[in-house]
Amino acid sequence: MRSTFHGLETARRSLVTQQVALQTTGHNVANANTAGYTRQTVNMVASRPIEALGMQSSNAPGQLGTGVEFDSIKRIRESFLDAQFRNENQNSGNYSIQVDTLEKLETIMNEPSDSGLRSVLDKFWNSWHDLSENPEDLTARKLVRETARALTDAFNQTSRQLEDLRADLSENIEVKVSQMNTAIRTISDLTLQIRRIEAFGDNANDLRDQRDVLVDELSKIANIKVRDAGDTYQITMGNQMLVDNGNPNEVTVEGIVPLAGTELAGGELYGMIRSRDQFVVDYQNQLNTLVNGMVNGDVKVTIPAGAVLPEGTVLDGVTYTGANRTLASDLTVTVQGLNGLHQLGYTAQDPLKAGGPFFVSIDGGPITAGNIRLSADIEADASNIASSMRTVMNGTTETVVKGNKDVAMLIAQFNDKKIDFSSVSATAITGSGTVSDFFRSVVGQLGVQTQEAQRQAENAQIVVDQVDARRQSVSGVSLDEEMANMIKFQHAYNAAARFMTTIDETLDRIINGMGTVGR
């Protein structure tokens, strides 16, 4: 004999289950535009059937169904796509930082342009050419001094901009490490909450969504791997454990910088460290090499016959003194840059005075782009610029031939001379070349690096967008699909309600209509 009230329980289960499905659909619709939200579905299963009720086992075949119930509300998420997205996201973060840094370096170099270093260098060499045409003209000397000032200012400013960029990257590294630690702590806290909730058999879907959003953000900062298996939830960076279930392992700037290139091999943090310690530092070194090579680098020059070298001059191991100071023929020797060449000449002052260093450093150390300046003597008096290599004897007094232009001509041609940059730096971008050649090679290298970084960044972003689109097609909320589900669950709810009404009318007939005969 079947239970009289069995149909009511079947209808009730159906109403509850369809109502939960409708509520879940409404939750999906409400979060259609929520970042990181994963659509949820109700897993409906037929409830456990029973044998037809009776005092003893029924002879009727089969079992009696008891309706429907839901055993879980699950997220529609594919872990493979999550892992793929995070792998590509760290590449995108890395190259986006590199592109940003290299584009800033291009702005600092400002080449090709009419206001960059190349233009200032050209004006400096041209001023020496003007001086060689009229070596006794004080205005021409002052023009050399002013263009030299402009050149040192340009080098100083470029060096400051590079140092500012380096400092900015260092500050950003600290900020990014702080963001990383915040994400690690929050992920650990969410993991503890998820474990507490799911210990009772529920699914902490919304908390898992929040955690996944943070993991996605963390994957842009550094290369991470996620292990989510049963009661184990871990996030690692190489061999470094960042999250061990609910235990956060925070990082420090001092601890993570040495890991760049090994444990830390991707993400914005790696891009910042690489940009600072490779790109910016390299261009600082190359600029310093350019400046020091121009001022002190080994360069071969031909000194014309008849030139009179300053007393005690040493060239290629030979000391010139007394009568042998006057060259009987052209002499090809190696001098130490523009400074060495300038010291072979004489100023326009009386008594006879050999030229001193043209450029010096502010702090007295090796000359760099950041500390180069015009010598104090030339700053004070433009007549201390050496342009002549000839002297005459007035009685017993040796005086300079002010109208001679030998030094001015040699320096005017200096831009065409090949300098041995390896004599001042072992890391020079080129061993030997002119100042213009060296500067063009630096600018060319920067251009190639920028183009390559842009290409890598564009490719990485395309892959990230493609993987994210695939992930959204699986996990994202489709309003059309949700509307169709809403109608489906609504009809199912209405049908269950109608079924309950039918059972209610049947019971009403049994309870209130039976047993009234003869009344």
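This is a predicted model: local features need pLDDT of at least 70, side-chain atom pairs count only at pLDDT 80 or more; totals for chains, interfaces and linings use all residues.
**Notebook: loops, strands and a helix pair**

Asp316 is where I started: I found Asp316 in the loop between β8 (313-315) and β9 (318-320). Strands here are DSSP runs of E with at least two residues, helices are runs of H or I with at least four, and both are numbered from the N terminus. Asp316 isn't a glycine, yet I read a positive phi of about 50° for it.

Residues are numbered from 1 along each chain as its sequence is written, and side-chain values use heavy atoms, with hydrogens and water left out.

I placed Asn245 in the loop between β5 (240-244) and β6 (247-248). Is Asn245 buried or exposed? Asn245 is buried, because its relative accessible area is 18%; the cut-offs are under 20% for buried and over 50% for exposed, with partly exposed in between (1.4 Å probe, protein chains only).

From there I went to Gln234, a residue of strand β4 (232-237). Gln234 has a relative accessible area of 17%, so I put it down as buried. Leaving out residues up to four places away in sequence, Gln234 touches Lys225, Val226, Arg227, Met241, Val243, Asp244 and Asn245; contact means heavy atoms within 4.5 Å. With Asp244, the side chain of Gln234 makes a side-chain polar contact of 3.1 Å. A polar contact is a pair of N or O atoms within 3.5 Å; within protein, one must be able to donate a hydrogen and the other to accept it, and residues adjacent in sequence count only if both atoms are side-chain atoms. I also looked up Pro248, which is 14 residues from Gln234 in sequence and 9.8 Å away in space, C-alpha to C-alpha.

**Thr391 and Thr399**

Thr391 sits in strand β13 (391-394), and I found Thr399 in strand β14 (397-400). Thr391 counts as buried because its relative accessibility is 16%. I got 16% for Thr399 too, so Thr399 goes down as buried.

Which residues do their side chains pair with? Thr391 makes a polar contact of 2.6 Å with the side chain of Glu398, and a 3.0 Å one joins the side chains of Thr399 and Asn394. Beyond four places in sequence, the contacts of Thr391 include Val308, Tyr346, Leu352 and Thr399. For Thr399, I noted Leu352 and Thr391 among the contacts.

**Two cis bonds**

I found a cis peptide bond joining Glu111 and Pro112, with omega about -5°. Pro112 is in the loop between α2 and α3 (117-133). The bond from Asp350 to Pro351 is cis as well, with omega near -5°, and Pro351 lies in the loop between α8 (337-342) and β11 (359-361).

**α2 against α4**

Last, I looked at how helix α2 (79-109) packs on helix α4 (138-198): the angle is about 165° and the axes are 10 Å apart. Therefore α2 is roughly antiparallel to α4 (under 35 degrees is roughly parallel, over 145 roughly antiparallel, 65 to 115 roughly perpendicular, the rest oblique). Axes are lines fitted to C-alpha atoms, for helices over the stretch in contact, and angles run from 0 to 180 degrees between N-to-C directions. On the α2 side I listed Thr101, Lys104, Leu105 and Ile108, and on the α4 side Thr158, Gln161, Leu162, Leu165, Asp168 and Leu169.
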